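Please look through the sequence and the 3D structure shown below before reading the briefing that follows.

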Amino acid sequence: MPVLAFLGRRLAIFAISLVGASMLIFAVCSALPGEVAEIILGEGASQAQIEALTAELGLDRPPVVRYLEWVGGMLHGDFGVSYFTGQSVSGLMAPRIAVTLWLVLFALLLSVAVALPVGMLAAMKRRSWQGFAATAVAQLGMAVPAFWAAIVLVLVFAVGLRWLPANGYIPLTTDPVSWAAHLVLPVTSLAIVQSAVLVRYVRSAFIEVLSEDYYRTARAVGWRPFPALLRHGLRNAALSLVTVVGLQLASVLVGAIVIEQVFALPGLGSQLLSAVSQRDLMIVQGVVMFLAASVLLINFLVDLSYAWIDPRLRTEAER
Amino acid sequence: MRRLGLYVGAALVTLVVAMALVSLFWTPYDPTLVVAGQRLQGPSAAHWLGTDAMGIDNFSRILVGAQTTIVVGVVSVGIAAVIGVPLGMLAGQARGWVDEVVMRITDIAYAFPALLLAILLAARFGASPVTAMTAIGLATIPSFARITRAGTLQVMRTDFVLAARASGIRWPGISLRHVLPNIAPLIGVQASVTFALAILAEAALSFLGLSTAAIVPTWGKMLRDAQTVMFNAPLQAVWPGLAIAAAVLGFNLLGDGLRDLLDPRLREVS
């Protein structure tokens, strides 16, 4: 059963990656127990105070024990408690996940919606000025930092035209219209860079399709170029595009951290950054693990989707 | 027309490097000199790009900011290449379980984009340009390892490597004499593209206040300052943004142009 072997192998890689990521995060944040007490007590704390607090927080136990405790808790949805406030990290993260999720999801959808037609146009017209223009715009889009795009969009649409709010967030359940209005600029600024990157991949994926026999046959039997590309090219191009979108997700998530900061959105990114400035390592550890696990999970799902998109099951050697 | 991208890229990169070099010896004004009476001025003959909220000349800050951009790029790419290239060559030549281990480590690394790793390191070791460069360098090792491995696999299949092995040359000799020279162009392209990525990542970190060396102006930090005054002085946000975009565009175009030059078959596809 090649499918089962494929899935089993992918599952194993996913599990190993999760363990590896958690060990790395733990090693950076928690391996040296003395530091946490030092950070909390601030400068000028005596050695005795530091040792007392370290013992109180349970940080004097061996790292292996603390690591297993942390991982065990996460398997039950418990990401530990903040060193400073004693609040549950999962409790802090829960209301913020939706904000980041909406932002990332819409940015990804918007960038695909823009990149697919533009990329296909760039592929079909690659020898004319339209194709050149599309490629040039994509190059420019890739060079623009998302947070700069955000600032410029705010200046134009919030400060200048006053069409949209400059920052802040309203929950969907409170006021759907206001919720949407507050998301437009953050989503757009995040999607600009992503769609620029995607356009290049869509273009090359479809240029490959254009040289395939099945496309030429479809054209020869009377299909118009665009319908032929949609009917026969999309599924074939989808394979490489799904991979790219999966890989892009990591950069969209990371981009969201910065964008949340610009628009004062109460998502995971702004929580992570405030935890970093307070040096609350337990929150940092939890949020980074959550983000890293999300990226790994998506990549795992992307791998699984090969089995669905490509019946031949691409193997490692082919890719 | 065909090599337009390469030329534009090379020109932009040269411009950024020239700005960094010139600023070592000369800037119109002291880029740290606070002048209380001339805050947030628009562009003028005296101050080409105006002044910032502290009355510092923006053009001088942009020039000096190029230094940080170049240093961060060189160090990050250096770290990534020095570790990633040997790892990739090892994986590509040894194959078997060594290959498997190296590739699985790069899988894990995919969960840590440069910015996330930098934030993690900043939380633990404090925010500084050194943590930023280290994080960007470490996070981009996998892309160097992967591209080197792919190139190495290709070179190892050639007849001249077979001949070299048959004549008794051991793997260090093959690595240095045959593999490295043949994959060098590939690594050069990767270095250029990674340089662009490093510039963007460092700008984002400076913008977030996670790469700040107290007084050294960086383009990302200028944007951070600009955001606080953007309602009164929107132009402040324009110059550093343009500088970052020009530098990133330059290195991306240079990388793409080099790849096309090296492998004309790829020109259409990528």
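Predicted model: local features only at pLDDT ≥ 70, side-chain atom pairs only at ≥ 80, totals over all residues.

In helix H11 of chain A, the residues A:Leu268, A:Gly269, A:Ser270, A:Gln271, A:Leu272, A:Leu273, A:Ala275 and A:Val276 are buried.

**Helix H11 of chain A**

- Because eight of the 11 residues of H11(A) are buried, this helix is largely enclosed by the rest of the structure.
- H11(A) is followed by A:Arg279, a residue whose phi is positive and lies near 55°.

**The two domains of chain A**

- The domain assignment of chain A gives domain 1, which covers residues 2–74, and domain 2, which covers residues 90–308.
- Between the C-alpha centres of domain 1 of chain A and domain 2 of chain A there is a distance of 32 Å.
- Where these two domains meet, 16 residues of domain 1 of chain A are in contact with 13 residues of domain 2 of chain A.
- On the side of domain 1 of chain A that touches domain 2 of chain A, H1 and helix H2 (33–41) of chain A each supply at least two residues, and the largest share, 13 residues, comes from H1(A).
- Sorted by class, that side of domain 1 of chain A has 12 nonpolar residues, three polar residues and one charged residue.

**The interface between chains A and B**

- Across this interface, 42 residues of chain A are in contact with 36 residues of chain B.
- Several helices of chain A each supply at least two residues of the side that touches chain B, including helix H1 (2–30), helix H8 (176–210), helix H10 (225–263) and helix H11 (268–278).
- The side of chain A that touches chain B is made up, by class, of 32 nonpolar, seven polar and three charged residues.

**Chain B as a whole**

- The secondary structure of chain B comes to 11 helices and zero strands, which can be written along the sequence as the pattern α-α-α-α-α-α-α-α-α-α-α.
- Taken along the principal axes, the C-alpha atoms of chain B fill a box of roughly 75 × 50 × 35 Å, and 49% of the 270 residues of chain B count as buried.

Conventions. Residues numbered from 1 in each chain as written. Chains lettered and ligands numbered in written order. Contact = placed C-beta atoms within 7 Å. Helix = DSSP H or I, 4+ residues; strand = E, 2+ residues; numbered from the N terminus. Nonpolar A, V, L, I, M, F, W, Y, C, P; charged D, E, K, R; others polar. Domains from an automatic or database assignment. Buried ≥ 20, exposed ≤ 12 C-beta atoms within 10 Å, placed from the backbone.
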